[in-house]
Amino acid sequence: SLSDAFQIKDDNLYLIFLLLCLPLGWLNRLITHGGLRQVYLGMVGFIITYLMSGTQILHSIITVLVAFLIHELLHNSKYLTVTTFIWGFGYLTFFRCSYLFGLAPFSKLANAVQLLLTLRLCSVAADTREYARDTAKMDLFTGDYSYFLNYDETLRSRFFHYISFSYCFLGLFTGPFFRAKTYFDMICNPNLSQVPYRDAFIKVIYCLQL
């Protein structure tokens, strides 16, 4: 990770990436194609995760791949949410105790990413079950898709959606946390560049000064 390579404190490195996410988030507004927006958000998030956690990114990759497999096998089951929850937080516990098994101790930044990623994957499972109970929620979405993981699409397409949301740097390194429904609504919004943000940004800066 960069903290080891350049002897930068974790808190300072996190602050650097937090500030970097401001212009990167603004660039996201300029991308008009939903697919390209997903690629951009996912790739940038994956790169930042690697720079922050180094080889410990393997833990997040394992977590995401197994969670996606669970989602594919149990997407019609009432046990999807609880199974994803047990897997995510079970692996998070193993990750935090990995030093007991002779593995390298986790860094603060890798731990933060692993926790937020676990919450994000659990939210996908919860959203899927909620959507299955109320198909009227289709009306909440705009664009080419009726839902975040549409099973009329190919396995590759669903995997692409899952990975891009998992590593989306918005909400992973910057607040607030948001669920898959909010993420996909942003992806499918053709007028994202017209959404006002200056007043909200100034309000946040003002609160930080206080």
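**View 1. Asp 185 is partly exposed, with a relative accessibility of 31%.** The model is predicted, and local features require pLDDT of at least 70, side-chain atom pairs pLDDT 80 or more, whereas totals for chains, interfaces and linings use all residues. Numbering starts from 1 along each chain as its sequence is written, and side-chain values use heavy atoms, without hydrogens or water. Asp 185 belongs to helix 8 (helices are DSSP runs of H or I, at least four residues; strands are E, at least two; both numbered from the N terminus). Although Asp 185 and Gly 34 are separated by 151 residues in sequence, their C-alpha atoms are 10.0 Å apart. The protein chain as a whole has 9 helices and 0 strands. Of its 210 residues, 43% are buried (under 20% relative accessible area; exposed, over 50%; partly exposed, in between; 1.4 Å probe, protein chains only).

**View 2. A salt bridge joins Glu 72 and Arg 158.** The closest N and O atoms of Glu 72 and Arg 158 are 2.8 Å apart (a salt bridge is a Lys or Arg side-chain nitrogen within 4 Å of an Asp or Glu carboxyl oxygen). Glu 72 is located in helix 4 (residues 57-74) and Arg 158 in helix 7 (residues 155-166), so that this pair links distant parts of the chain, 86 residues apart. Both partners are buried. The model contains 2 salt bridges by this criterion.

**View 3. Arg 179 and Asp 127 form a salt bridge.** Between Arg 179 and Asp 127 the closest N and O atoms are 2.3 Å apart. Because Arg 179 sits in the loop between helix 7 and helix 8 (180-187), while Asp 127 is part of helix 6 (residues 108-133), the pair ties together parts that are 52 residues apart in sequence. Arg 179 is partly exposed, at 33% relative accessibility, whereas Asp 127 is buried, at 1% relative accessible area.

View 4. The buried residues of helix 4 include Ile 57, Val 64, Phe 68, Ile 70 and His 71. Among the buried residues of helix 7 are His 161, Tyr 162 and Phe 165.

**View 5. Five residues make a nonpolar surface patch: Tyr 14, Leu 15, Leu 18, Leu 19 and Leu 22.** The patch covers about 430 Å² (residues with over 30% relative accessible area and no salt bridge, nonpolar side chains joined within 5 Å and like charges within 9 Å; Shrake-Rupley areas, 1.4 Å probe). Leu 15 lies in helix 2 (residues 10-30) and is partly exposed, at 44% relative accessibility.

**View 6. The largest cavity holds about 40 Å³ of space.** The model has 1 cavity of 30 Å³ or more (points on a 1 Å grid where a 1.4 Å probe fits but cannot get out; lining residues have an atom within 4 Å of a point; the volume is that filled by probe spheres set on the points). Thr 49, Ser 53, Gln 56, Ser 60, Phe 95, Ala 110, Val 113 and Gln 114 form the lining of the largest cavity. Helix 3 (34-53) and helix 6 are the elements that give two or more residues to this lining. Helix 6 provides the largest share, 3 residues.

Key
On a 1 Å grid over the protein atoms alone, a cavity is a set of points where a 1.4 Å probe fits but cannot get out, and a pocket is an open set with protein on both sides within 12 Å along at least five of seven lines; lining residues have an atom within 4 Å of a point.
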